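Let's take a walk through this one together, helix by helix. Have the viewer open and follow along.

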Amino acid sequence: MNNQLIIAPNQSREIIEYDDDAHLSAEPKVLEIVLNENASLEMYVLQNVSNEASIRREFKVRQLADSRLKIVVITFNGGDIRNSYHVDLDGEGAETQVHGLYLIDKTQHVENYLKVNHNVPRCTSNEKFKGIMDDEATAVFNGHVYVAKDAQKTDAHQNNSNILLTSKAKINSQPFLEIYADDVKCSHGTSTGQLDQEAMFYMRQRGISKANARILLMYAFAAEVSNHIGNAMLHEHIDDMIKRRLRGELSSCENCVLRCSHPKEYNFEIDYSKI
Amino acid sequence: MLLNIKNLHVSIGGKEILKGFNMEVNEGEIHAIMGPNGTGKSTLAAAITGREGYEVTEGEIWYKGKNIVGMSPEDRANEGIFLSFQYPVEIPGVSIQNFMRTAVNSKREYQGLPPMSTVDFMKLMKEKQAMVEITEKLQNRFVNVGYSGGEKKKNEIFQMAMLEPSLAILDETDSGLDIDALRIVANGVNQLHSKDNAFVVITHYQRLLDYIVPDFVHVMYDGRIVKTGDKSLALELEQKGYEWTKNL
């Protein structure tokens with residue numbers, strides 16, 4: 001399925017989407033986005049489907065001069081999810097931000113593929129992907145930033161960081177920079193670790209229970225992505241969903257139109273004894 | 001008696017650090033513990049606060065009439081034990097306000113009290129900040145992130161003032177402090193000190209004890225107390241050096 005979204009010059013739009021178009025097949029849903037001169041788009045996508053469902057999303061973006069794009073994709077739940085982002089920065093002064101958060105457990109699997117092409121000078125790109133992974137959940141981050149030969153004054157940064165709550169959770173993280181210009185500011189990084197045990201003890205010494213200290217640390221980690229949501233009401237709603245997800249209180253059927261296919265409630269307990 | 005430590009043996013990873021430590025602390029008292037590096041001072045603080053990995057192999061820690069060995073760190077904290085950390089931990093993403101609010105309300109929940117109202121909480125924050133001369137707004141500051149050594153220690157005393165402990169342990173609170181910050185920290189401690197609470201001040205130097213005057217000074221060496229005296233012992237120690245304690 002292909003959709004096109006074209007934003008006219010000087011126009012700005014905000015799109016909020018519950019990505020509930022889940023299938024048992026792996027048919028990709030492609031969205032082609034064109035941002036004309038000085039156009040702006042903020043797009044927020046929530047993914048919350050059952051453990052049996054898979055999602056394939058592709059975002060193909062072309063940005064002209066001085067256009068601004070922000071995509072934030074929050075993955076709360078889903079059996080097998082793949083998001084691909086392809087951004088061509090074709091006009092000077094274009095800015096792009098692509099951020100992702102995935103909170104997964106059981107045997108769930110999430111992949112994020114990212115390709116940002118700085119084809120012309122003076123564009124900025126920023127990507128932050130963060131994941132908290134429990135049980136035997138697995139994820140892939142593959143980020144590729146390309147800076148063309150003449151794309152001077154490029155400002156490009158990407159980062160992937162993960163908290164693995166068990167020894168069986170796995171992340172395969174590959175941030176990659178390919179630079180052919182010589183006057184650029186670029187950075188990339190990846191980090192993977194457990195919950196900070198020093199911080200855990202510090203909080204518990206102040207009387208905060210182990211369970212609450214864990215939630216507070218995980219929420220603080222996740223908030224670095226959700227803080228990019230500009231819409232205040234949506235931000236609050238998503239923060240609330242994150243907290244409930246981390247407490248194991250969020251149902252995968254919530255906000256999903258496919259309620260019928262999975263009438264039974266799923267229980268997403270986080271096993272505190274594993275930390 | 002507030003705290004009574006009897007023949008405490010503590011090991012880390014099978015290595016014994018505390019080797020029969022004894023101490024009695026009553027309400028209203030200030031105790032200083034001095035001694036060279038690696039003698040078990042911080043291990044003592046960790047054992048009293050219940051840090052994981054510090055195994056009590058023998059002995060008892062009696063606090064308010066209960067042997068607290070085996071009690072969780074959060075329950076000990078909510079019973080009124082506070083540790084001012086030697087190295088306060090940075091927690092990115094958690095604001096000091098949110099952190100303190102969760103801590104204050106955790107203690108209230110433990111005591112069977114309802115959560116504190118926002119208005120009362122903000123008032124309390126403002127009052128306690130003033131005590132340690134923290135003038136900036138803390139709403140958006142993350143716990144200890146980007147703080148200098150002195151600011152971190154002031155922040156510890158601020159948290160102590162917020163939680164009003166019965167037993168406060170200050171683990172090398174003076175290390176890395178300039179004279180102004182030292183005065184502010186000591187001032188905070190002296191304001192908080194009352195006949196109902198007690199302080200255990202762990203320090204290398206007698207300098208801090210010019211500002212926080214102890215009732216007792218204990219000298220630790222190799223996992224136990226080797227000498228106890230009044231504040232003049234700290235001065236003697238400063239003159240003679242720690243080498244002297246090895247022969248006690």
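## Helices and how they meet

Start with a pair of helices in chain A of this predicted model: α2(A) passes α3(A) in a right-handed crossing. The two pack at an angle of about 145°, and their axes are 10 Å apart. If you want to find the spot, look on α2(A) for Ile215(A), Met218(A), Tyr219(A), Ala222(A) and Ser226(A). Facing them from α3(A) are His235(A), Ile238(A), Asp239(A), Ile242(A), Lys243(A), Leu246(A) and Arg247(A). By class, this contact comes out as seven nonpolar, two polar and three charged residues.

Now zoom out to the rest of chain A. Its three helices sit in a chain that also has 14 strands. Of its 275 residues, 45% are buried. Take the contacts in chain A between residues at least 6 apart in sequence, and 82% of them join residues at least 24 apart.

Next, where does chain A meet chain B? The contact takes 17 residues from chain A and 20 residues from chain B. On the chain A side, the elements giving two or more residues are α1 (197–205) and α2 (210–226). The helix we began with, α2(A), supplies the largest share, seven residues. Sorted by class, the chain A side has eight nonpolar, four polar and five charged residues.

Cross over to chain B and pick up α3(B), residues 96–110. This helix has 15 residues and reaches 21 Å from its first C-alpha to its last, close to the 21 Å expected at 1.5 Å a residue. Its buried residues are Ile96(B), Phe99(B), Met100(B), Thr102(B), Ala103(B), Val104(B), Ser106(B) and Lys107(B). What do these buried residues pack against? One partner is α2 of chain A, and within chain B the partners are α2 (73–78), β7 (91–95), α4 (118–131), β8 (142–143) and α5 (149–163). After α3(B) comes Gly112(B), with a positive phi near 75°.

One of those partners, α5(B), leads on to another helix pair. It packs with α6(B), residues 179–192, at an angle of about 10°, with the axes 10 Å apart. An angle under 35 degrees counts as roughly parallel, so α5(B) is roughly parallel to α6(B). From α5(B), the contact uses Gly150(B), Lys153(B), Lys154(B), Ile157(B), Met160(B) and Ala161(B). They meet Ala181(B), Ile184(B), Val185(B), Gly188(B), Val189(B) and Leu192(B) of α6(B). Here the classes divide into eight nonpolar, two polar and two charged residues.

Methods
Residues numbered from 1 in each chain as written. Chains lettered and ligands numbered in written order. Predicted model: local features only at pLDDT ≥ 70, side-chain atom pairs only at ≥ 80, totals over all residues. Contact = placed C-beta atoms within 7 Å. Helix = DSSP H or I, 4+ residues; strand = E, 2+ residues; numbered from the N terminus. Nonpolar A, V, L, I, M, F, W, Y, C, P; charged D, E, K, R; others polar. Buried ≥ 20, exposed ≤ 12 C-beta atoms within 10 Å, placed from the backbone. Expected span 1.5 Å × (residues − 1). Axes fitted to C-alpha atoms, helices over the stretch in contact; angles between N-to-C directions. Left-handed = near helix turned anticlockwise from the far one by under 90°. Parallel < 35°, antiparallel > 145°, perpendicular 65-115°, else oblique.
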